[in-house]
Amino acid sequence: FFSRHFVNRFPEMSHWLNKAPGKVGLYDPEYERDACGVGFIANIKGIPTRKVMDEASQQVDRMVHRGALGADPLTGDGAGIMTTLPHPLFKKVADENGWDLPAP
């Protein structure tokens, strides 16, 4: 599953890094593919909050893949947080600088 370089860099995780779980519930290792994980953090009422951003940041920190850990410093895989664009903030800054900002 993980390269020897990765396992050597994080020896405290070596006990579980190279072990695939068995078939449990809806999970079947037969359908396992090599890909990064995806997480979803949201406020169920659609209210933007600092708590959502803090939890999303914590989730990225806990992802065990090369982008989030920086195990491969020469490349990245786009690990990060996707948010909506804060158009009112961008509009305010654009207006203050005399820039024309299109509607969202």
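Biologist: What counts as a salt bridge here, and how many salt bridges does a search of the whole structure find?
Modeller: A salt bridge is a side-chain nitrogen of Lys or Arg within 4 Å of a carboxyl oxygen of Asp or Glu. The model is a predicted one. Searching the whole structure with that cut-off gives a salt-bridge total of 4.

Biologist: What is the secondary structure of the protein chain, and what pattern does the chain follow along the sequence?
Modeller: The protein chain has 5 helices and 0 strands. Read along the sequence, the pattern is therefore written with helix symbols alone, since helices and strands are DSSP runs and the strand count is 0. The pattern is α-α-α-α-α.

Biologist: Which element of the protein chain has the lowest mean pLDDT, and which the highest?
Modeller: Over the protein chain the average pLDDT is 76, and 61% of the residues score at least 70. Where pLDDT is low, the predicted coordinates should not be read in detail. Among the elements, the lowest mean, 53, belongs to helix 4, and the highest, 93, to helix 5.

Biologist: Which residue forms a salt bridge with K91, and how far apart are the closest N and O atoms?
Modeller: Side chains of opposite charge can pair when their charged atoms come close. The partner is D95, with the closest N and O atoms 3.1 Å apart.

Biologist: Where do E55 and K51 lie, and what is the distance between their closest N and O atoms in the salt bridge?
Modeller: Both residues belong to helix 3 (residues 50–62), and their spacing of 4 residues means a separation of about one helical turn. E55 is partly exposed, with a relative accessible area of 32%, whereas K51 is exposed at 56%. Their closest N and O atoms are apart by 3.6 Å.

Biologist: In the salt bridge of K23 and D28, which residue is buried?
Modeller: The side chains of K23 and D28 meet at 3.9 Å, N to O. Buried means under 20% relative accessible area, and exposed means over 50%. K23 has 63% and so counts as exposed. At 16%, the buried residue is D28.

Biologist: Is M63 buried or exposed, and what is its relative accessible area?
Modeller: M63 lies in the loop between helix 3 and helix 4 (66–69). The C-alpha atoms of M63 and A79 are separated by 8.9 Å, with the two residues 16 residues apart along the chain. M63 falls under the 20% cut-off, so M63 is buried, with a relative accessible area of 19%.

Biologist: Which residues form the nonpolar patch on the surface, and what is their accessible area together?
Modeller: The patch consists of L85, L89, F90, V93 and W99. V93 is found in helix 5. Patch residues need over 30% relative accessible area, so V93, partly exposed at 34%, passes that cut-off. Together the residues have an accessible area of about 530 Å².

Biologist: What share of the accessible surface of the protein chain belongs to carbon and sulfur atoms?
Modeller: Of the 104 residues, 12% count as buried. Among contacts with a separation of 6 or more, 29% join residues 24 or more positions apart. The accessible surface comes to about 9,000 Å², and the share belonging to carbon and sulfur atoms is 58%.

Terms used: Residues are numbered from 1 along each chain as its sequence is written. This is a predicted model: local features need pLDDT of at least 70, side-chain atom pairs count only at pLDDT 80 or more; totals for chains, interfaces and linings use all residues. Side-chain values use heavy atoms; hydrogens and water are left out. Buried means under 20% relative accessible area, exposed over 50%, partly exposed in between (1.4 Å probe, protein chains only). Helices (H or I, at least four residues) and strands (E, at least two) are DSSP runs, numbered from the N terminus. Contact means heavy atoms within 4.5 Å. Accessible areas come from the Shrake-Rupley method with a 1.4 Å probe; for residues, only the protein chains shown count as cover. Patches are made of residues with over 30% relative accessible area and no salt bridge: like charges are joined within 9 Å, nonpolar side chains (Val, Leu, Ile, Met, Phe, Trp, Tyr) within 5 Å. pLDDT is the predictor's confidence in each residue, from 0 to 100.
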